[in-house]
There are 2 protein chains.
Amino acid sequence: MREFDENSITEAVLSRVRDATDPRMRAISEALVRHLHAFIREVRPTQAEWEAGIRFLTATGQKCDDKRQEFILLSDTLGVSTLVDSINNPVSGDVTETTVFGPFYVPPPAFDHGADIGGAIEGTPMFVSGCVRRASGAPAAGATVDVWHSDEAGFYDVQQLEKTGGLAGRGRFTADGEGRFHFWTRRPAAYPIPTDGPVGDMLAAQGRHPWRPEHVHFMILADGCRPLVTHLFAQGDEYLDSDVVFGVKESLVRPFVLHQAGAAPDGTLATGEWISLDHEFVLDDSGQH
Amino acid sequence: MREFDENSITEAVLSRVRDATDPRMRAISEALVRHLHAFIREVRPTQAEWEAGIRFLTATGQKCDDKRQEFILLSDTLGVSTLVDSINNPVSGDVTETTVFGPFYVPPPAFDHGADIGGAIEGTPMFVSGCVRRASGAPAAGATVDVWHSDEAGFYDVQQLEKTGGLAGRGRFTADGEGRFHFWTRRPAAYPIPTDGPVGDMLAAQGRHPWRPEHVHFMILADGCRPLVTHLFAQGDEYLDSDVVFGVKESLVRPFVLHQAGAAPDGTLATGEWISLDHEFVLDDSGQH
């Protein structure tokens with residue numbers, strides 16, 4: 001085959017990917033070609049616009065390193081991450097809703113219950129407690145609870161290791177026999193996603209702000225349950241309705257309760273203001289996902 | 001807005017990009033979101049497949065440097081480059097047809113007519129001659145003719161600078177008063193595009209070979225004319241009907257004529273076999289593109 005024009009090229013590429021050994025690879029390749037070509041045929045890019053697209057994608061890949069994942073930011077800001085999350089985690093009874101994973105996860109160090117995971121992070125002390133249960137009723141004893149969050153200026157440890165001197169504001173807990181866990185840390189903050197790369201340029205060109213509402217990330221794994229990747233968002237945050245990555249769900253918005261100096265639930269005596277956050281997490285153990 | 005599901009997320013993202021200042025940026029963003037989400041909704045990727053996609057795009061960007069452009073290879077092998085070329089260069093009368101630019105162009109050094117641009121490249125001597133005229137009839141006197149091609153093993157100079165010791169197999173000529181140019185070089189070869197990156201992995205997974213038929217690249221610019229980016233392909237090449245980047249057009253397939261030792265058209269006495277290639281290039285000076 002030769003002599004392709006703007007209509008025949010699509011069928012030509014489709015016929016070329018039909019020899020893929022793996023049927024899933026073939027299906028994804030065919031769908032990619034059809035939708036990508038339909039996009040190009042609709043926008044009819046000039047040669048200069050095509051070159052700008054190549055430069056944008058190249059710069060996005062080159063902005064990535066072991067601490068920065070610009071393509072996840074792109075997926076997040078174009079709503080693709082939320083779409084993929086919705087497809088894979090349909091709402092089911094009282095199972096805790098999921099949201100985007102984000103680009104800042106790294107496997108966290110393990111801590112005992114009651115530990116302070118804040119490390120070198122400064123700010124208002126925050127007491128976080130929770131319990132994990134299965135949708136069928138039983139506590140998820142021994143569930144692995146990974147948590148991570150920003151500091152009060154909105155930065156994660158991995159964005160400023162020279163300042164935090166290592167991981168801080170992240171930890172792994174093992175739920176007790178009743179599915180419970182609790183720990184101390186410092187209150188995070190709303191923050192703009194990193195804007196010093198191609199995704200920041202894209203947001204500016206699209207007339208969008210780069211902010212996410214204040215939140216704490218959780219990833220909870222338990223035997224026989226669908227993994228839960230979610231956040232808890234701070235009630236009242238001004239960005240709840242315009243999260244740049246489309247991650248907010250009403251059921252995940254929780255009070256970040258302000259307390260004056262005094263005794264915390266674990267007996268700690270707080271000498272100044274502190275925050276408490278509590279939530280029950282329900283895992284899908286239906287085996288249907 | 002919050003609480004997006006797999007159907008409402010698309011409208012949410014579309015409403016977010018509607019504040020783009022530049023109407024073209026807005027139109028491209030909207031089309032990208034619609035087509036990208038339609039692709040995701042059709043293939044319903046698992047979380048692991050989404051992660052594989054992120055890794056593929058990241059690796060594609062990170063494979064790029066000043067000598068390698070993996071995203072252009074991706075665009076080429078998915079037929080996007082040919083589609084964009086077709087949109088921007090509709091067939092028009094006897095105007096020379098265009099084809100893909102490819103990833104191996106660098107601005108070439110200027111040479112006088114009759115020069116040998118082969119440099120350190122070995123192989124069969126090739127005499128290339130051509131003339132450039134405007135579709136309206138007049139010779140394109142003073143046209144800039146950039147040419148580039150692989151060596152007999154299928155590699156470009158920029159892929160093996162340690163071997164070629166600098167640019168080789170590429171040059172810039174200024175067409176004379178009759179629009180003519182000629183030069184010596186070495187015969188190129190059919191070659192596989194670089195397969196040591198993500199695009200090579202993709203081709204293997206799609207069950208495709210990575211070969212391009214033997215060709216010489218041309219980019220020709222003249223005042224008042226649409227720029228011409230094209231190749232001349234070697235008649236009889238076994239890959240003319242399966243070019244991995246979908247670049248072949250019948251009108252660009254030309255005889256690479258084999259000659260025995262003797263006098264060449266410019267008076268040079270060839271001491272062994274040599275090849276000649278001649279073509280008339282017609283530029284669009286209609287002002288309509």
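This briefing covers a predicted model with chains A and B, from overall build to local detail. Local features need pLDDT of at least 70 and side-chain atom pairs count only at pLDDT 80 or more, while totals for chains, interfaces and linings use all residues. Residues are numbered from 1 along each chain as its sequence is written, and chains are lettered from A in the order in which they are written.

**Chain A overall**

- Chain A has 289 residues, of which 44% count as buried. Buried means 20 or more other C-beta atoms within 10 Å of the residue's own; exposed means 12 or fewer; partly exposed lies in between; C-beta atoms are placed from the backbone.
- Seven helices and 13 strands make up the secondary structure of chain A. These are DSSP runs numbered from the N terminus: helices are H or I with at least four residues, strands are E with at least two.
- The C-alpha trace of chain A spans about 80 × 40 × 30 Å along its principal axes.
- Domain 1 of chain A covers 8-44 and domain 2 covers 73-283; the bounds come from an automatic or database domain assignment. The C-alpha centres of these two domains of chain A are 39 Å apart.
- Of the contacts in chain A between residues at least 6 apart in sequence, 69% join residues at least 24 apart. A contact requires C-beta atoms, placed from the backbone, within 7 Å.

**The A–B interface**

- The interface brings 65 residues of chain A into contact with 65 residues of chain B.
- On the chain A side, helix 1 (8-16), helix 2 (23-43), helix 3 (47-62), helix 4 (70-77) and helix 5 (80-88) each supply at least two residues. Helix 2 of chain A gives the largest share, 15 residues.
- By class, the chain A side has 34 nonpolar, 18 polar and 13 charged residues. Nonpolar covers Ala, Val, Leu, Ile, Met, Phe, Trp, Tyr, Cys and Pro; charged covers Asp, Glu, Lys and Arg; the others, Gly among them, are polar.

**Helix 5 of chain A**

- Eight of the nine residues of helix 5 of chain A are buried, so this helix is largely enclosed by the rest of the structure. Among them are A:Val80, A:Leu83, A:Val84 and A:Asp85.
- The buried residues of helix 5 of chain A pack against helix 4 of chain A and against helix 1 (8-16), helix 2 (23-43) and helix 3 (47-62) of chain B.

**Sheet and loop in chain B**

- Chain B holds an open five-stranded sheet with order 3-2-7-8-9 and mixed pairing. Strands pair if DSSP finds at least two bridges between them.
- Strand 3 (170-174) and strand 9 (253-254) of chain B are the edges, each with a single partner strand, so one side of each lacks a neighbour in the sheet.
- Strand 2 (residues 144-148) and strand 7 (residues 215-221) of chain B run antiparallel, joined by five bridges. B:Val145 stands opposite B:Ile220 in strand 7 of chain B.
- B:Pro107 lies in the loop between helix 5 (80-88) and strand 1 (125-134) of chain B. B:Pro107 is exposed, with 9 other C-beta atoms within 10 Å.

Definitions and conventions
Two residues are in contact if their C-beta atoms, placed from the backbone, lie within 7 Å.
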